[in-house]
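Please read these points with the structure open beside you.

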Amino acid sequence: MKLQINQSKVLKEIPRESMPDFGSEFSDHMFNMDYNTINGWYNPRIEPYQPLSLDPSTIVLHFGQSIFEGLKAYKTNAGKINLFRPIDNLRRFNRSARAMCIPEFDEKFVFSALKQLLLLDKAWIPNVSGASLYIRPTIIAMDKHVGLRVSETYRFFIILSPVGSYYSEGFSPIKVRVETKHVRAVRGGIGDVKTAGNYAASLYASQEAKKEGCQQVLWLDALELKYIEEAGAMNVFFVINGELITPKLSGSILPGVTRDTIISLAKTFEMKVYEKKISVDELFEAHSSGMLTEAFGCSTAMVISPIGSINFKDETITISENMVGPITRKFYKSITDIQYGRVTTHENWIQLVE
Ligand SMILES: *Cc1c(COP(=O)(O)O)cnc(C)c1O
């Protein structure tokens with residue numbers, strides 16, 4: 001397959017001074033590729049960023065047969081472009097494809113196309129520390145058909161969006177609300193897949209949490225409504241008695257790259273890390289005995305999001321009001337130091353775009 005490149009004749013103005021809101025501005029170009037049963041994946045091309053034209057009956061609009069990924073490109077002080085564990089994202093993308101009956105793609109080919117796209121739009125990668133270029137690969141079902149079935153045609157696209165640091169106003173802890181009625185995902189379902197339906201299913205409870213002044217939902221398992229799974233669209237970690245605990249991947253938890261990174265780093269810090277079931281009751285007990293000292297969510301988009309308080313039914317526990325704990329800080333610093341090339345440890349996680 002040969003990648004066609006059709007450069008844009010008019011270039012947009014790149015936001016420089018103040019960073020746009022997350023995911024609201026996009027670069028000059030996008031990657032596109034199509035699928036049908038005769039050609040397989042075909043016609044890969046980089047072309048000007050542009051709207052899609054969809055027939056109103058297009059399957060994805062009705063039944064959500066779609067998958068996405070999220071990763072970032074970082075500019076280093078030396079002016080290099082770093083990708084952090086991109087192969088893990090592409091592998092997970094193909095895993096999501098299998099789960100949603102979407103045909104798999106050639107990871108090597110897409111990786112090289114992504115690098116070409118980034119080189120073409122490299123001026124869009126912010127120079128500011130903490131800022132980056134968010135990369136959103138997506139595949140959608142394209143058959144024109146309002147009956148439920150697996151599509152036979154697809155569109156694969158990648159778009160790029162400059163994002164500022166979430167922490168421009170400081171690294172302040174968020175409030176989370178344990179959701180005791182609605183569930184995000186059930187074991188045996190698609191909670192461990194980055195597919196549209198999971199995020200649609202999370203909206204109602206997110207609004208409820210916001211009404212109570214909380215920024216994120218702390219999701220419980222769908223079967224017993226007892227065990228903690230995720231914080232919004234982030235994986236979650238707790239520091240209890242100086243040890244790190246994160247919910248064990250259960251099938252309804254998204255296997256985050258950041259989660260996996262933290263588990264690896266903890267081992268290099270010689271810190272004990274456990275992947276296990278943890279109930280809200282255990283968490284509240286750990287808090288009342290003074291053992292719960294830190295909690296944080298993690299994802300590519302947020303890196304690390306310190307959790308200040310947890311609301312459960314009529315009770316609220318405060319872990320830290322304004323302070324961010326030393327372990328949370330340590331992970332934030334280690335991860336961003338690697339991503340921005342400020343340290344050369346874990347170079348196997350970095351892929352240069354050149
Ligand atoms: C993407 C995502 C995460 C975080 O995954 P990363 O690979 O670390 O970005 C966690 N939970 C959900 C539900 C997600 O969609």
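1. The ligand has 14 residues around it, and the closest are Lys194, Tyr199, Glu230, Thr258 and Thr300. Keep in mind that this is a predicted model.

2. What kinds of residue make up the shell around the ligand? Five are nonpolar, five are polar and four are charged.

3. Where does the ligand sit? Its place is the largest pocket.

4. In the side chain of threonine 300, an N or O atom is 2.7 Å from an oxygen atom of the ligand. Arginine 92 has a polar side-chain atom 2.8 Å from an oxygen atom of the ligand. For valine 257 the atom concerned is a backbone N or O, which lies 2.8 Å from an oxygen atom of the ligand. On its own the ligand has 370 Å² of accessible area, and the protein covers 96% of this.

5. Now to the aromatic rings. A pair of aromatic rings is described by the distance of the centres and the angle of the planes. The structure holds 16 aromatic pairs. One of them is stacked: phenylalanine 26 and tyrosine 49, with 5.4 Å from centre to centre and 5° between the planes.

6. Which parts does this pair tie together? Phenylalanine 26 is in the loop between strand 1 (4–5) and strand 2 (29–36), while tyrosine 49 is in the loop between strand 3 (40–48) and helix 1 (59–63), so the pair links parts that are 23 residues apart in sequence.

Key: Residues are numbered from 1 along each chain as its sequence is written. This is a predicted model: local features need pLDDT of at least 70, side-chain atom pairs count only at pLDDT 80 or more; totals for chains, interfaces and linings use all residues. Side-chain values use heavy atoms; hydrogens and water are left out. A residue is near a molecule or strand if one of its heavy atoms lies within 4 Å of it. A polar contact is a pair of N or O atoms within 3.5 Å; within protein, one must be able to donate a hydrogen and the other to accept it, and residues adjacent in sequence count only if both atoms are side-chain atoms. Accessible areas come from the Shrake-Rupley method with a 1.4 Å probe; for residues, only the protein chains shown count as cover. On a 1 Å grid over the protein atoms alone, a cavity is a set of points where a 1.4 Å probe fits but cannot get out, and a pocket is an open set with protein on both sides within 12 Å along at least five of seven lines; lining residues have an atom within 4 Å of a point. A molecule sits in a cavity or pocket if more than half of its atoms lie within 2 Å of its grid points. Ala, Val, Leu, Ile, Met, Phe, Trp, Tyr, Cys and Pro count as nonpolar, Asp, Glu, Lys and Arg as charged, and the others, Gly among them, as polar. Rings of Phe, Tyr and Trp (its six-membered ring) pair if their centres lie within 6.5 Å; planes under 30 degrees apart count as stacked, over 60 as edge-to-face and the rest as tilted. Helices (H or I, at least four residues) and strands (E, at least two) are DSSP runs, numbered from the N terminus.
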